[in-house]
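Colleague: I'd like to learn how to read a structure file like this one. Can we go through it feature by feature?

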Amino acid sequence: MSDGFEITEQCSGNRFHCEPGQSVLKAMEQQGLKCVPVGCRGGGCGFCKVTVLSGDYECGKMSRVHVPPESRACGEVLACRIYPLSNLTIECRPREVVETARQQTTTKSMR
Amino acid sequence: MRKGVMRPGHVQIRVLDMDAAVKHYTDLLGLIETDRDDQGRVYLKAWTEVDKFSVVLREADEPGCDFMAFKVVDEPSLQQLEKDLVEHGVDIEQVPEGELKDCGRRVRFKAPSGHTFELYADKQYTGKWGITEVNPEAWPRNLEGMKVVRFDHCLMYGPELAATYDLFVNVLGFYLAEQVLDGDGTRIAQFLSLSTKAHDIAFIHHEEMGKFHHASFYLETWEDVLRAADLISMTDTSIDIGPTRHGLTHGKTIYFFDPSGNRNEVFCGGDYNYPDHKPVTWQAEQLGKAIFYHDRVLNERFLTVLT
Ligand code: FES
Ligand SMILES: [Fe+2]
C-alpha cells in the first residue's frame with residue numbers, strides 16, 4: 001500500500017484514494033468521480049459541503065458564511081478544504097434533498 | 001457617460017489568505033502591486049491603467065466583493081450625482097479622502113440588487129506602468145503571467161434587476177448594451193455600459209442579494225486567452241470553464257477562481273456600441289448559447305457558484 005488514505009462517500013458508496021496533503025475534493029476529481037459537487041475549489045462558495053462521519057482531518061481556510069464554527073465542530077465542512085489524517089467516511093447529500101429538508105424545516109419553524 | 005460617470009475605477013475583493021491572493025493576482029494575472037495600507041489591504045493595478053490602483057484585496061473570513069467603484073469625470077459632476085442619488089431616494093455614505101490611499105472622497109451607496117458601489121472623482125495619476133509618457137514603447141518587458149491589460153468589468157448576481165436598471169441608467173447615466181428576456185419579457189440579465197465597451201457592469205437575476213460572480217480583466221488577443229489557459233494549468237489553478245466564446249457580448253473568454261474561490265475572467269474581443277445602436281437581446285430559452293456560445297448549455301456551476 002502506498003501512502004495515503006481511503007475516503008468513502010456514504011450516499012454514493014464511492015471510495016477513492018487521497019494522498020497526504022491533498023484535499024478530498026481534488027482526490028475525488030482526479031479519480032473521475034462526481035459524488036461531491038465541484039465549485040470554486042477554494043473554500044469560498046460552499047458548493048462542496050460534506051459531513052465527515054468518521055476520521056481525522058485538517059482544515060484549510062473556509063468561508064465563515066458556509067462553515068460557521070458550530071458547523072465545523074460537528075464535521076460539516078468543505079471537501080475542497082479538508083486534508084485527511086486517517087481514512088474518512090464522508091456524506092454528501094444531494095442538493096435537492098438538502099433544499100427540501102431546509103424548506104420543510106423553515107415551514108415547520110414558522111408554524 | 002451622460003452624467004459624468006466615466007469608467008470602472010476599482011474593485012475591493014475579500015480574500016481568505018492574503019499571501020496566496022497576492023501571488024495569484026500578481027504572478028498569475030500579472031497585476032502590479034502598488035501599495036499596502038495599515039489595515040493590511042493590498043493595492044494592485046494593471047499595466048495600462050493610468051491611476052494608482054484598480055484592485056484592492058482585503059483579508060476577511062468570507063470571500064466576495066466589498067464594493068466596485070466608478071470614476072467620475074470631475075468634482076462638480078460628483079456633487080451633482082450625489083444630489084441625484086439622494087433625490088432618487090438612495091442612502092449615500094461619505095467615505096473620506098485617504099480611506100483608500102491616494103484616492104479622493106468616495107460616495108458609497110447600495111444598489112437594489114444588494115451590491116455596494118462607489119463614485120469618486122480623484123485618484124493619484126501614476127501613468128501607465130513600465131513605459132514612459134513620451135515616446136512610449138509598446139509594452140513593458142517585465143510583466144508577469146497573463147499580463148492583463150486592465151480591470152474591465154464585474155458581473156453581479158442579485159434580485160431587483162428593474163430597480164437596479166433604473167438607478168444605473170436614469171441616475172448614473174449608463175445605457176443598456178445587452179439583455180436577456182424571459183418568456184414574459186422580464187429582464188433576467190442586463191449588461192450596462194458607459195462607453196463603447198460591451199459592458200462596464202453586468203447583473204444577472206438571482207434570489208440572494210449582493211452576490212459576486214466575477215471580476216474581469218482584458219487581454220488583447222485570443223492567443224493571450226489560450227496562453228492564460230496554459231498558465232492556469234501550469235500553476236494548477238482552479239479552472240471554471242473555457243477557453244470559449246460568449247454569445248452575450250461575443251467576447252472570447254476563460255473563467256477560473258482565485259485561491260479564496262472568487263471567480264476571475266480574462267477575455268478579449270467583444271462587441272462595441274455607439275449611441276445609435278439598439279440593445280442586443282437574447283431570449284432566456286437560448287441562455288445556454290448566450291452564455292457559452294460553443295457548448296450551448298449552461299453548467300450549473302456558472303449559475304450557482306458565487307462568493
Ligand atoms: S468548491 Fe467552493 S467551497 Fe469547495
Ligand atoms: Fe465577464
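Colleague: Which element gives the largest share of the lining of the second largest pocket?

Modeller: H1(B) does, with five residues. Before going on, some ground rules: this is a predicted model, where local features need pLDDT of at least 70, side-chain atom pairs count only at pLDDT 80 or more, and totals for chains, interfaces and linings use all residues. Residues are numbered from 1 along each chain as its sequence is written, chains are lettered from A and ligands numbered from 1 in the order in which they are written, and side-chain values use heavy atoms, with hydrogens and water left out.

Colleague: What counts as a pocket or a cavity, and what as an element?

Modeller: On a 1 Å grid over the protein atoms alone, a cavity is a set of points where a 1.4 Å probe fits but cannot get out, while a pocket is an open set with protein on both sides within 12 Å along at least five of seven lines; lining residues have an atom within 4 Å of a point. Grid points are joined across faces, edges and corners, and a volume is the space filled by probe spheres set on the points. Helices (H or I, at least four residues) and strands (E, at least two) are DSSP runs, numbered from the N terminus.

Modeller: Here, the second largest pocket has a volume of about 640 Å³. Its lining has 25 residues, and those nearest its centre are A:Lys26, B:Thr235, B:Asp236, B:Thr237 and B:Ser238. Helix H1 (24-30) of chain A and helix H1 (18-28) of chain B each supply at least two lining residues.

Colleague: How many residues of each class are in that lining?

Modeller: There are 10 nonpolar, seven polar and eight charged residues in the lining of the second largest pocket. For the classes, Ala, Val, Leu, Ile, Met, Phe, Trp, Tyr, Cys and Pro count as nonpolar, Asp, Glu, Lys and Arg as charged, and the others, Gly among them, as polar.

Colleague: And how many cavities of 30 Å³ or more are there?

Modeller: The structure holds one. About 140 Å³ of space lies in the largest cavity. It is lined by 15 residues, with B:Phe191, B:His199, B:His214, B:His246 and B:Tyr255 closest to its centre. Strand S9 (150-158), strand S12 (201-205) and strand S16 (263-268) of chain B each give two or more residues to that lining. By class, the lining of the largest cavity has nine nonpolar, five polar and one charged residues.

Colleague: Which residues coordinate the iron ion (ligand 2)?

Modeller: Donors are N, O and S atoms within 2.8 Å of the metal (3.2 Å for Na, K and Ca); water is not among the atoms, so sites may look incomplete. In this model the iron ion (ligand 2) is held by B:His153 (NE2), B:His214 (NE2) and B:Glu265 (OE), at 2.1 to 2.2 Å. Along the chain, its donors follow the spacing H-x60-H-x50-E. B:His153 in strand S9 and B:His214 in strand S13 (residues 211-218) of chain B are 61 residues apart, so this pair links distant parts of the chain.

Colleague: Are B:His153 and B:His214 buried or exposed?

Modeller: Buried means under 20% relative accessible area, exposed over 50%, and partly exposed in between (1.4 Å probe, protein chains only). B:His153 and B:His214 are both buried.

Colleague: Where is B:Ser216 found, and what is it in contact with?

Modeller: B:Ser216 is found in strand S13 of chain B. It counts as buried because its relative accessible area is 0%. Contact means heavy atoms within 4.5 Å. Leaving aside neighbours within four places in sequence, B:Ser216 is in contact with B:Arg150, B:Phe151, B:Asp152, B:His153, B:Glu265 and B:Phe267. Among those contacts, B:His153 and B:Glu265 also coordinate the iron ion (ligand 2).

Colleague: Why is B:Gly130 classed as exposed?

Modeller: Because its relative accessible area is 52%. B:Gly130 is found in the loop between strand S8 (116-120) and S9 of chain B.

Colleague: How many helices and strands are there in chain A?

Modeller: Chain A has three helices and seven strands, running β-β-α-β-β-α-β-β-β-α from the N terminus on. Of its 111 residues, 41% are buried.
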